[in-house]
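Me: I would like to learn how to read pockets and interfaces. Could you take me through a case?

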Amino acid sequence: MSDQIQSIDINEIMNEIRENIKKRGYIDDILSFEDMSSSNGIDYIGTDFNYTEFAIYLSIINDGWNIPYYRDIPQRGLKGFIKKVIRKILFSQFNPIMEEQSRYNANLANIMNQLNNYLLKQQIELEKSSKRITELEKRMIDEKKEFTSADMELNNKED
Amino acid sequence: MRVFQLLITLAFGDAVSNDALALEKAISSMGYKTKIYTLNADPRLPADSWVSLKKMPSVKSSDVIIYHMAIGTELNYTFGNYNCRKIMVYHNVTPPEFFLGYSKESEKLCIEGLEGVKHLSDKVSYCLADSSFNKEQLILMGYKCRIDVLPILIPFSDYDKQPNYEIVNKYSDEYTNIIFTGRIAPNKKQEDIISSFYYYKKYINPKSRLFLVGSYKGMEKYYTKLRMFVDELELQDVYFTGHIKFADILAYYKLADVFLCMSEHEGFCVPLVEAMYFDIPIIAYHSTAIGDTLGNSGILLEEKDSKIAAEMINLIVTNNNLRTKVLENQRIRLKDFSHDLITQKFKDYLSTFIEENG
């Protein structure tokens, strides 16, 4: 299929371009990107925000903040019994620590939910402002047209 | 006999991940038991589309593992130890020097990635490379096994979805819209696109816009420098979209008049094929795999000169004959990436490999 591709005379095009460049009068005043410092005392603008990812991980946090200190013991018989006894012995040691961790997780989850609500609220405000700006811009354009038309009419009358 | 796929991360909307998911369907249609095993997967992907690598069963010598190689990871070394038939799909590792001064982490991952590729040179039986450029890179790194070129499988049906018409309507006017889609990354040289746009807007057509469509996550230093560059040039109408929804990406493709690529390193460059699909004339600097992907279509610039790029944009926009020719060539080239064609190629390659390495 690639054999059917028509050849384009790139040399002819480049000659035309070089001629255009001579005629255009370009001034080589452009700043070099390499010469710029990657930080001019300004910190990063901030990482690229992806709300979909944010929402998904928020949902994972909300589902998983509470971590029990043990996993279910599926085995039966002597092995299972011994594991359950060990679990009971360790309960007083590990349960308070896990509960403290779960409380901490819950607080973090609450903060993230609050942040989510704030984001959604800001999104609504932003959309309202955007709509208002578009309406005002349109009104400005229409009024400018009217003004120009009126000005032309006035000039014609004066002539 | 089972055919598994292995990759470090199954991401959402990522070219390599999409490729793996599409190949899985092809492998399954050939009647083989197959699964994608990965260490990390995006939670947006269906739960049954992947399995944790920790749950991968022991492999038998008759099994085949297809490994997608694109970055530095411990998996590059683990893969070599599997006692089965091994195929590597090479998507290319970006040379680490591009990230100097911008991201130590990316630099490190790329160094490790290249070491990993070299490590596997005598441990795989067969390679698939996204482009002839990738194939040559493997040969240079000491690969002696058979290497076939298989372009990335692209889900074209996704591009027929509804674009965000709010964006289309907002920017559909007498302005010339120039776009480049791709992550904000130093190897993609967005600064050269900006320089070219500067000359085009200042000296040729003030009624023009530049949209740089892509996320800058992980490349914040480079992104900041690009923003400062635009400010120093006092250049208007340059838009960095950052990470946006798919419908928004479609919108930018819909309103684009020219696709400008000044990248200095690509293993395939899916956005070039996307631009072909959306019938946007492409101007691209001839580097690495760009020429392979364009395949004599589009306009290839042999010189990295922003003024030449600016004049070329002008020619493409104003010369109807040239633009028509370029678009016709791109439509012909696009057929070489058809989903059915590439899928069949893959099936043929895999069948041949299994037969010859039984």
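Reply: Start with residue classes. Ala, Val, Leu, Ile, Met, Phe, Trp, Tyr, Cys and Pro count as nonpolar, Asp, Glu, Lys and Arg as charged, and the others, Gly among them, as polar. Keep in mind that this is a predicted model.

Me: How do the residues lining the second largest pocket divide by class?

Reply: Its lining has 7 nonpolar, 7 polar and 3 charged residues.

Me: How is such a space found, and which residues lie nearest the centre of the second largest pocket?

Reply: Rolling a probe the size of a water molecule over the atoms shows where empty space is left. Here 17 residues line the second largest pocket, and A:Ile8, A:Ile10, B:Gly298, B:Ile299 and B:Leu300 lie nearest its centre. Two elements give two or more residues to this lining: helix H1 (10-24) of chain A and strand E13 (299-301) of chain B. The space in the pocket is about 340 Å³.

Me: How much area do chain B and chain A bury between them?

Reply: The size of an interface is often given as the accessible area lost when the parts come together. For chain B and chain A that is about 4300 Å², with 63% of it on carbon and sulfur atoms. On the side of chain B, the residues losing the most area to chain A are B:Tyr203, B:Lys225 and B:Glu311, together 15% of what that side buries. In terms of contacts, 52 residues of chain B meet 42 residues of chain A.

Me: How many salt bridges does the rule find across this interface?

Reply: The rule finds 2. A:Arg18 and B:Glu303 form a salt bridge through their side chains, at 2.8 Å from N to O.

Methods: Residues are numbered from 1 along each chain as its sequence is written. Chains are lettered from A and ligands numbered from 1 in the order in which they are written. This is a predicted model: local features need pLDDT of at least 70, side-chain atom pairs count only at pLDDT 80 or more; totals for chains, interfaces and linings use all residues. Side-chain values use heavy atoms; hydrogens and water are left out. On a 1 Å grid over the protein atoms alone, a cavity is a set of points where a 1.4 Å probe fits but cannot get out, and a pocket is an open set with protein on both sides within 12 Å along at least five of seven lines; lining residues have an atom within 4 Å of a point. Grid points are joined across faces, edges and corners, and a volume is the space filled by probe spheres set on the points. Helices (H or I, at least four residues) and strands (E, at least two) are DSSP runs, numbered from the N terminus. Contact means heavy atoms within 4.5 Å. Buried area is the accessible area (1.4 Å probe) that two parts lose on being put together, summed over both. A salt bridge is a side-chain nitrogen of Lys or Arg within 4 Å of a carboxyl oxygen of Asp or Glu.
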